[in-house]
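This report describes selected parts of one protein model. Please consult the sequence and the structure shown here while reading.

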Amino acid sequence: MTPIPDTTQKQATAQGSVIYYRDGKSVLARQGIDRRKVDLAQVPEHVRDAVIAAENRSFYQDGGVSIKGTARAVWSTLSGQQLQGGSTITQQLVRNYYSGLSQERSVVRKFKEILIAMKVDQSRSKDWVLEQYLNTIYFGRGANGVQSAARAYFGKDVEKLAVSEGAYLASVIQQPSRFAAPKGTDLAAARERWQSVINAMGATGGLTPQQAAAERFPELVEPKKPFELKGQAQYMLEQVTAELNRRGYTDEDINSGGLKIVTTFDKKLMQAAQRAVEETLPDGTPQKVRTGLAAVDPASGEVVAFYGGKPSQSKYYDSAFSAKVMAGSTFKPYTLAAALNDGFDLSTRVDGNSPLRVASASQSIPNDGDRSYGQIDLISATQNSVNTAFVDLGQKVGLDKVARIAEAAGLPAEQLDQHKSAAAFPLGVASVSAVQNASGFSTFANKGVHVEAHVVRSVTDAEGRKEVVKPTETKAVSEQAAADTTYAMQQAVKYGTGTAARLYDRPVAGKTGTTDDSKSVWFNGFTPQLAVAVDMFRDDNATVTIPGYGTQFGGQLPAQIWRAFMTEAMSGKPVEEFPEPSEYGWGSDSYTQPDRDGDLPGQDYSPPPNQDDWNQPEPGFTQQPFGDQPEQQQQSPDGDQTPDEQPQESAPSATEVPEQPSVQESSVDDGRNRPQQANR
């Protein structure tokens with residue numbers, strides 16, 4: 001009538017998970033219960049002898065219960081005294097291991113424990129019982145099981161414990177809280193208890209009298225402070241947990257499954273990202289200014305580093321993964337790639353005059369300073385970030401195709417769909433995160449193939465089964481289209497708006513981005529080995545202004561942060577060249593191939609704060625602070641909103657996502673009819 005329970009207590013077998021940096025050795029975080037299960041064969045004989053001598057000397061001879069000890073315990077309960085000890089190792093295991101046995105002190109529970117212990121002893125081997133016991137019992141210092149206890153008390157694995165150390169672990173089982181870090185009278189009591197265990201080992205034959213006499217009280221390591229997540233580790237853990245959930249691992253799996261999780265994060269590059277941001281930004285940078293940085297390996301899609309801001313500013317919302325702001329002109333390369341992939345070439349002429357009137361737009365679109373460039377090729381348009389040229393190009397190639405390429409490059413469709421009918425769509429009215437934009441540009445560095453951005457490399461379960469993450473790969477554009485897009489972006493860094501990002505020793509391709517009133521400013525660029533995006537914005541959606549540096553543009557502090565990070569990240573890495581562009585890239589009459597050696601900055605090159613004067617805010621972008629409600633929209637006679645009152649995205653309340661700096665946006669036009677593709 002009292003069967004052996006067929007389930008175990010979750011806490012008795014739960015093993016916490018350890019999350020590592022990409023090297024698989026440096027610990028990033030620990031989650032759940034501190035327990036590492038080991039086989040009995042891994043536990044030295046002298047450690048087993050010590051536990052048996054301390055807790056149950058007749059373990060290998062009894063039937064799972066101690067008649068004398070149990071009788072004493074029952075009598076003390078019946079007589080009204082506190083329930084005494086007397087439990088064998090098997091009884092202790094039954095009480096702590098199986099489900100259905102409460103910890104209450106009662107005769108009924110005690111008899112139930114006795115009966116189950118007897119049945120376990122008859123159906124299981126003694127070694128099995130001892131193994132489960134050693135992995136189940138609590139030793140203090142937050143350590144569950146003998147392996148975690150060995151690490152907690154002596155800083156070594158259980159296999160390496162000395163006799164005196166094993167005896168100490170056996171002695172703390174009775175009073176784990178008192179003997180975890182004993183001082184004063186507790187230390188004296190711990191020494192006395194330890195000596196009694198040594199003497200018991202001598203009495204049971206575990207030690208000879210000479211060996212017992214030679215043992216000395218061991219030196220304990222200082223207790224470790226509870227594991228704390230510091231700096232960017234908090235953001236890293238959030239992203240790892242979220243990705244594991246998406247891949248089918250529950251929070252219970254993470255907290256009690258004993259998983260070894262290897263992330264994509266490079267510890268040194270994470271530190272480099274933080275240094276690049278914090279050492280480049282001047283001391284007077286306002287608290288409301290947020291900076292995000294994300295670095296993606298183009299070949300693998302691994303997010304190797306990021307900077308999400310100061311956790312003290314926004315505990316639950318980081319600036320690299322969570323915050324999404326207008327992409328601005330960093331979106332133009334997706335438009336360029338869509339055109340090149342559709343049969344256009346770098347010598348294609350587009351309208352660079354200002355302003356440009358588009359039939360689907362309610363108002364004309366100007367260039368910076370209303371400057372006109374005439375009919376220009378796509379290299380010049382990219383180098384000078386000419387708004388009207390890209391609006392014209394978007395009309396020629398078709399905005400649906402631009403959206404499809406951007407989505408194939410990793411930008412989520414839901415962030416693009418509501419904007420792709422607007423004539424200003426190629427100018428970056430859609431909002432993206434730094435990670436998404438870095439991942440998008442990694443497509444060009446990877447010869448047109450986008451590899452899904454991810455933060456988990458592998459997961460190994462408690463049984464040793466390893467699952468290696470295999471990200472999705474998508475052929476976004478042709479290899480030649482990617483090469484030509486990259487070539488055009490190289491000119492933007494060499495001679496255009498992104499010169500502050502040039503590296504002295506290797507080629508760089510990239511693009512600046514500055515939205516209306518500098519509410520978000522970007523530099524997004526790459527080498528063949530690494531794609532990195534840097535953005536700056538304010539959590540109140542105001543203009544990004546730095547005392548002493550003025551209103552910011554993408555070619556200023558964002559480009560300088562990018563360069564600071566990449567200088568360190570690329571140090572010691574081989575110099576790799578970008579693929580050759582098509583013949584149109586070399587033969588354009590508006591551009592001649594420069595002498596690269598003569599056009600690169602010196603190693604000590606540092607642009608002045610306001611060097612990027614030509615990269616003025618690009619027209620056509622309005623953003624609303626997070627949580628603000630749009631004003632009542634005015635209707636024009638034909639039913640469309642007036643240019644000053646564009647449709648706004650809905651936003652969750654501030655209580656749903658604390659301090660979310662997500663930016664809402666509208667376009668300069670409200671084109672509801674998709675423009676027809678123009679003849680080339």
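## The two sides of helix 14

On one side of helix 14, Lys-268 and Glu-279 are exposed, where exposed means over 50% relative accessible area, buried under 20%, and partly exposed in between (1.4 Å probe, protein chains only). Buried positions of this helix are Leu-269, Met-270, Ala-272, Ala-273, Ala-276, Val-277 and Thr-280. An α-helix has 3.6 residues a turn, so residues three or four places apart point the same way.

The model is predicted: local features need pLDDT of at least 70 and side-chain atom pairs count only at pLDDT 80 or more, while totals for chains, interfaces and linings use all residues. Residues are numbered from 1 along each chain as its sequence is written, and side-chain values use heavy atoms, with hydrogens and water left out.

## Extent and surroundings of helix 14

Helix 14 comprises 14 residues, 267-280, and reaches 20 Å from its first C-alpha to its last, close to the 20 Å expected at 1.5 Å a residue. The expected span is 1.5 Å times one less than the number of residues. Helices (H or I, at least four residues) and strands (E, at least two) are DSSP runs, numbered from the N terminus.

At the start of helix 14, the backbone nitrogen of Lys-268 has a side-chain oxygen of Asp-266 within 3.0 Å. The buried residues of the helix pack against helix 12 (233-246), strand 6 (289-296), strand 7 (303-307) and helix 22 (557-569), contact meaning heavy atoms within 4.5 Å.

Five strands form an open sheet in the order 7-6-18-17-16, with antiparallel pairing; two strands pair if DSSP finds at least two bridges between them. Strand 7 and strand 16 (509-514) are at the edges, each with a single partner strand, so one side of each is left without a neighbour in the sheet.

Strand 16 pairs with strand 17 (residues 520-526) in the antiparallel sense over six bridges. Within strand 17, Phe-526 is the bridge partner of Ala-509.

## Ser-148 in helix 7

Ser-148 belongs to helix 7 (residues 146-154). This serine, Ser-148, counts as buried because its relative accessibility is 3%. Leaving aside neighbours within four places in sequence, Ser-148 is in contact with Asp-34, Arg-35, Arg-36 and Ala-143.

Technical notes
A polar contact is a pair of N or O atoms within 3.5 Å; within protein, one must be able to donate a hydrogen and the other to accept it, and residues adjacent in sequence count only if both atoms are side-chain atoms.
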